[in-house]
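Please read the following points alongside the coordinates.

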Amino acid sequence: MPMPMPMPKTLTALSLTAALLLPAIAAAEVEEYVIDTEGGHAFVQFRIQHLGYSWLYGRFNDFGGTFSYDPEDPDNASIEVEIETASLDSNHAERDKHLRGDDFLDVERYPQATFKSTAVDLDEDGNGTVMGDFSFHGVTQPVTLEVEQIGAGPDPWGGFRRGFQGSTRFALKDFGIDYDLGPASQVVEIILSIEGVRQNG
């Protein structure tokens, strides 16, 4: 029986190089995004009941962040957001002054709030949950965002964009805010609507 021909050294080297490059190729598939706050295509909003009679809406005007997304493996996504708490805006100057004070946000002591994802569970359409640590009012607690991918594609300026909306609810007392607004006003909902501009690829 004839002996098999040995593989040329050049082919062996090429095979080894290709094997070493595979992780880098896979990593390159992860898309990196900057949240488009400069263009006004992202929002951090909140709502809480007022005395149980209506909804009070507001937003934070100054924030920023980044996220990553892998179309081949959506669970490989991540996000970080930083919010300037003094930028709270509920469309009422006197109320905003109260909310920024030590009864509520105490923005002089706690000027920033942050969210950093720790685990992601998204389906192939980019819908699902994002778990993470939310640091707010000097307290860090795990929260879960219910997430929906709104869309993705090229923009008119030669870039590529991807957008999501996520929301979560938590009790104010879980973050050390115990001002009595009545039983109907103990839980706040945060809505994060973001459009990111891809930085790679």
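1. A cavity is, on a 1 Å grid over the protein atoms alone, a set of points where a 1.4 Å probe fits but cannot get out, and lining residues have an atom within 4 Å of a point. Grid points are joined across faces, edges and corners, and a volume is the space filled by probe spheres set on the points. Rolling a probe the size of a water molecule over the atoms shows where empty space is left.

2. The model is predicted: local features need pLDDT of at least 70 and side-chain atom pairs count only at pLDDT 80 or more, while totals for chains, interfaces and linings use all residues. Residues are numbered from 1 along each chain as its sequence is written, and side-chain values use heavy atoms, with hydrogens and water left out.

3. The protein chain has two helices and 11 strands, in the order α-β-β-β-β-β-β-α-β-β-β-β-β from the N terminus. Helices (H or I, at least four residues) and strands (E, at least two) are DSSP runs, numbered from the N terminus. Of its 201 residues, 37% are buried, where buried means under 20% relative accessible area (1.4 Å probe, protein chains only).

4. Two cavities of 30 Å³ or more are present. The largest cavity has a volume of about 170 Å³. It is lined by 16 residues, of which I79, V130, V147, F164 and I194 are the closest to its centre. This lining consists of 12 nonpolar, four polar and no charged residues. For these classes, Ala, Val, Leu, Ile, Met, Phe, Trp, Tyr, Cys and Pro count as nonpolar, Asp, Glu, Lys and Arg as charged, and the others, Gly among them, as polar.

5. The second largest cavity has a volume of about 130 Å³. β5, β7, β9, β10 and β11 each give two or more residues to its lining. Among the lining residues are V81, I83, T114 and F115. Its lining divides into 10 nonpolar, two polar and no charged residues.

6. S78 in β5 stands opposite S68, and E84 has Q112 in β7 as its bridge partner.

7. The largest pocket has a volume of about 480 Å³; a pocket is an open set of grid points with protein on both sides within 12 Å along at least five of seven lines. Of its 28 lining residues, F46, I48, L56, L99 and F104 are the closest to the centre. β2 gives the most to this lining, with five residues. The lining comprises 21 nonpolar, six polar and one charged residue.

8. D106 lies in the loop between α2 (93–100) and β7 (112–122). D106 is buried, with a relative accessible area of 11%. Not counting residues up to four places away in sequence, D106 touches L99, R100, G101 and H137, a contact being heavy atoms within 4.5 Å. L99 is also one of the residues closest to the centre of the largest pocket.

Conventions: Buried < 20%, exposed > 50% of the residue type's maximum accessible area, 1.4 Å probe, protein only. Pairing = 2+ DSSP bridges.
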